[in-house]
Amino acid sequence: MTGNMTEAERFQGGQKIAEIFGSRIKAALLMPEGQVTKLGELAAVNRGARFFVTSSEQEVIPWLLA
């Protein structure tokens, strides 16, 4: 995916992640450094999802495997 996401789109994306996946699966989103905010992650996690947003593959792999 290319382009920039607004904060509203990040929030709505987090809501949708929680709605679709709930806590059934772990999902992660890798974004370019400097574009990561935790708004979408926070919206998803507060609704029961297991979702992680980061720019670091080294950070996300252990999280997914845990």
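Arg-10 is buried, at a relative accessible area of 11% (buried means under 20% relative accessible area, exposed over 50%, and partly exposed in between, with a 1.4 Å probe and protein chains only). The model is predicted: local features need pLDDT of at least 70 and side-chain atom pairs count only at pLDDT 80 or more, whereas totals for chains, interfaces and linings use all residues. Residues are numbered from 1 along each chain as its sequence is written, and side-chain values use heavy atoms, with hydrogens and water left out.

Arg-10 takes part in a salt bridge with Glu-7, with 3.3 Å between the closest N and O atoms; a salt bridge is a side-chain nitrogen of Lys or Arg within 4 Å of a carboxyl oxygen of Asp or Glu. Glu-7 is partly exposed, at 40% relative accessibility. The two residues, Glu-7 and Arg-10, are 3 residues apart in helix α1 (residues 7-21), a separation of about one helical turn. Helices (H or I, at least four residues) are DSSP runs, numbered from the N terminus.

Helix α1 also holds Lys-16 and Glu-19, again 3 residues apart, or about one turn of the helix. A salt bridge joins Lys-16 to Glu-19, and its closest N and O atoms lie 3.3 Å apart. Glu-19 is exposed, with a relative accessible area of 58%, while Lys-16 is partly exposed at 42%.

A search of the whole structure gives 3 salt bridges. Among them is the contact between the side chains of Lys-38 and Glu-41, with an N to O distance of 2.9 Å. Lys-38 is partly exposed, with a relative accessible area of 40%; Glu-41 is buried, at 15% relative accessibility.
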